[in-house]
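User: I'd like to learn how to read a few features off a model. Can you walk me through them?

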Amino acid sequence: MRRFPTGITIVTTVFEGRPKGFTANAVASVSADPPTVLVCVSRQARTHPVIARSGRFCVNLLTIGQEALARRFASRDDPDPFGDVSYHEEHTGAPVIDGALAYLDCVVAQAFAAGTHSVLIGAVLACGAGEGSPLGYFDGAYRDFGVSAP
């Protein structure tokens with residue numbers, strides 16, 4: 001799967017008033033009607049049990065200029081990767097990262113175990129998009145795919 005180019009996201013949630021999140025590239029559209037997405041989350045991820053309990057998450061699609069954020073949220077070294085991250089809330093209260101290329105604010109509609117991961121199916125309650133170039137991932141490295149959103 002290293003040869004499959006993907007976008008990079010930060011999946012966020014909020015639990016007991018605290019924002020949580022992690023970097024993910026296993027994200028896909030499931031349905032346009034009703035709007036539905038899926039996210040694959042390692043059960044070893046520190047955010048996994050928090051999303052399971054909160055029942056909500058936001059997929060923040062990152063721009064090429066947000067690679068440092070992707071790295072920060074992918075690291076287990078930072079106990080609070082939100083630190084100085086600017087964000088706001090939409091429908092579910094999960095953090096929408098300011099400056100993201102797009103976001104999908106969801107409630108967990110279904111969850112399935114699949115090997116070491118959970119597949120979370122999210123019903124999209126709010127979404128939005130901005131301008132910029134997406135941050136990509138291919139062959140183990142972050143990439144600039146050379147495309148821009150109008």
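**Salt bridges, sheet and cores**

Analyst: Let's start with Arg 3, which is exposed at a relative accessible area of 61% (exposed is over 50%, buried under 20%, partly exposed in between, with a 1.4 Å probe and protein chains only). This is a predicted model, so local features need pLDDT of at least 70 and side-chain atom pairs pLDDT 80 or more, while totals for chains, interfaces and linings use all residues. Residues are numbered from 1 along each chain as its sequence is written, and side-chain values use heavy atoms, leaving out hydrogens and water.

User: Which residue does Arg 3 meet in a salt bridge?

Analyst: The general idea: a side-chain nitrogen of Lys or Arg sits within 4 Å of a carboxyl oxygen of Asp or Glu. Here Arg 3 meets Asp 139, at 3.5 Å from N to O. Asp 139 lies in the loop between E11 and E12 and Arg 3 in the segment before E1, so the pair ties together parts 136 residues apart in sequence. (Helices are DSSP runs of H or I, at least four residues, and strands runs of E, at least two, numbered from the N terminus.)

User: What else does Asp 139 bridge to?

Analyst: Arg 2, with the closest N and O atoms 3.1 Å apart. Arg 2 is exposed, at 53% relative accessibility, whereas Asp 139 is partly exposed at 25%. Shared partners join Arg 2, Arg 3 and Asp 139 into one network.

User: How do I read the sheet order?

Analyst: Strands of a sheet pair through backbone hydrogen bonds, either parallel or antiparallel. The pairing rule is at least two DSSP bridges between two strands. In this model an open sheet of three strands runs E1-E11-E12, with antiparallel pairing. Strands E1 (6–7) and E12 (141–144) are at the edges with a single partner strand each, so one side of each has no neighbour in the sheet.

User: How many bridges join E11 and E12?

Analyst: Four, with E11 spanning residues 135–138. Phe 138 has Ala 141 in E12 as its bridge partner.

User: And which residues touch the most other members of the largest nonpolar core?

Analyst: A nonpolar core is a set of buried Ala, Val, Leu, Ile, Met, Phe, Trp, Tyr and Cys residues joined through side-chain atoms within 4.5 Å. The largest one has 13 residues, and Val 11, Phe 22, Val 39, Val 41, Ile 51 and Phe 57 touch the most other members. Strand E5 (35–42) is one of those supplying at least two residues; E5 gives the most, three. Apart from this core lies another of eleven residues, including Ile 8, Leu 69, Val 85 and Tyr 142.
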